[in-house]
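Keep the viewer open as you read.

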Amino acid sequence: MRHHLFFIAVLVFVTSLASQQKIGIAGETTLRPELLTFRAKNVSAAQPAPQRPALKLPLKDPRIVVSKSKRRLELHADGRLVRTYKIGLGLNPVPDKQRQGDRATPEGEFYVFTKNDKSAFYLSLGISYPNVEDAQRGLRNHLISRAQHDAIVKAIKRKATPPQNTALGGDIYIHGNGAGSDWTWGCVALENEDIHELFQAIPVGTTVIITP
């Protein structure tokens with residue numbers, strides 16, 4: 001009888017040990033929530049999120065350079081690179097913008113003609129598309145009239161707002177609401193924290209160069 005009881009006790013102990021081993025193999029989800037929290041805090045402490053130093057404002061001779069193929073916006077000041085931001089583009093991201101509704105992001109040299117702190121896309125910087133080259137192409141391809149061409153050229157020379165409602169299109173902005181994909185109708189999109197920093201640093205009139 002004693003032998004039987006001893007055998008049963010050994011069997012219960014072995015079964016319990018195996019069950020504990022299975023729980024360990026199953027993964028961290030079997031740990032108590034407070035242990036998971038403790039572990040997460042330790043990982044966070046060991047690998048802190050990188051903090052970028054604040055920009056020293058005002059910037060001297062700021063300039064924006066957008067590389068469409070690299071999905072990157074660079075902020076230059078005083079002849080050096082001071083920030084790099086990830087961007088999203090238009091739904092038709094590769095070609096240069098040609099006309100209204102093509103959802104392409106334009107290429108060329110522009111400037112910031114306005115700043116909008118009440119944008120539907122958090123914050124936005126207006127880009128002076130169409131430029132003189134766009135106007136010349138539009139006239140040549142019979143997309144716009146001579147009067148529209150001349151109005152665009154006149155606005156660019158004054159660094160004012162070029163006509164936004166011709167067949168060439170308009171309303172091209174650098175704005176927020178996310179840089180995770182190409183989702184705009186031709187604009188350049190940044191993460192909200194990035195456009196917030198850029199918005200504070202950039203005055204109206206800043207040069208913007210957009211490259212393929």
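Helices (DSSP H or I runs of at least four residues) and strands (E runs of at least two) are numbered from the N terminus. The model is predicted, so to speak of local features takes a pLDDT of at least 70, side-chain atom pairs count only at pLDDT 80 or more, and totals for chains, interfaces and linings use all residues. Residues are numbered from 1 along each chain as its sequence is written, and side-chain values use heavy atoms, with hydrogens and water left out.

Start with helix α3, residues 132–140, where Asp134 and Arg137 sit three residues apart, about one helical turn. Their side chains form a salt bridge, with the closest N and O atoms 3.2 Å apart; the term means a side-chain nitrogen of Lys or Arg within 4 Å of a carboxyl oxygen of Asp or Glu. Both ends are buried, Asp134 at a relative accessible area of 3% and Arg137 at 10%. Here buried means under 20% relative accessible area, exposed over 50%, and partly exposed in between, using a 1.4 Å probe and protein chains only.

Helix α4 (residues 146–157) has a pair of its own: Asp150 and Arg146 are four residues apart, again about one helical turn, and meet in a salt bridge at 3.9 Å, N to O. Asp150 is partly exposed, at 38%. Elsewhere, salt bridges with shared partners tie Arg52, Arg83, Asp194 and Glu197 into one network.

How many salt bridges does the structure hold? The count is 11. One of them, Asp182 with Arg71 at 2.8 Å between the closest N and O atoms, links distant parts of the chain, 111 residues apart: Asp182 is in the loop between β6 and β7, Arg71 in the loop between β1 and β2. Asp182 is partly exposed at 24%, and so is Arg71 at 28%.

Back to the two helices. α3 and α4 pack at an angle of about 175 degrees, their axes 9 Å apart; axes are lines fitted to C-alpha atoms, for helices over the stretch in contact, and angles run from 0 to 180 degrees between N-to-C directions. That makes the two roughly antiparallel, a label for angles over 145 degrees, with under 35 roughly parallel, 65 to 115 roughly perpendicular and the rest oblique. From α3 come Val132, Ala135, Gln136 and Leu139, and from α4 Arg146, His149, Ile152, Val153 and Ile156, where contact means heavy atoms within 4.5 Å.

Now the sheet. Eight strands form an open, mixed sheet in the order β3-β2-β1-β8-β4-β5-β6-β7, two strands being paired if DSSP finds at least two bridges between them. β3 and β7 stand at the edges with a single partner each, so one side of each has no neighbour in the sheet. β6 and β7 run parallel and are joined by two bridges, and His175 stands opposite Ala189 in β7. The buried residues of α5, among them Ile195, Leu198 and Phe199, pack against β1, β2, β3, β4, β5 and β6.

Last, the backbone. Most residues other than glycine have a negative phi, and most peptide bonds are trans. The bonds from Leu57 to Pro58 and from Tyr129 to Pro130 are cis, with Pro58 in the loop between α2 and β1 and Pro130 in the loop between β5 and α3. His142, in the loop between α3 and α4, has a positive phi near 65 degrees and is exposed at 72%.
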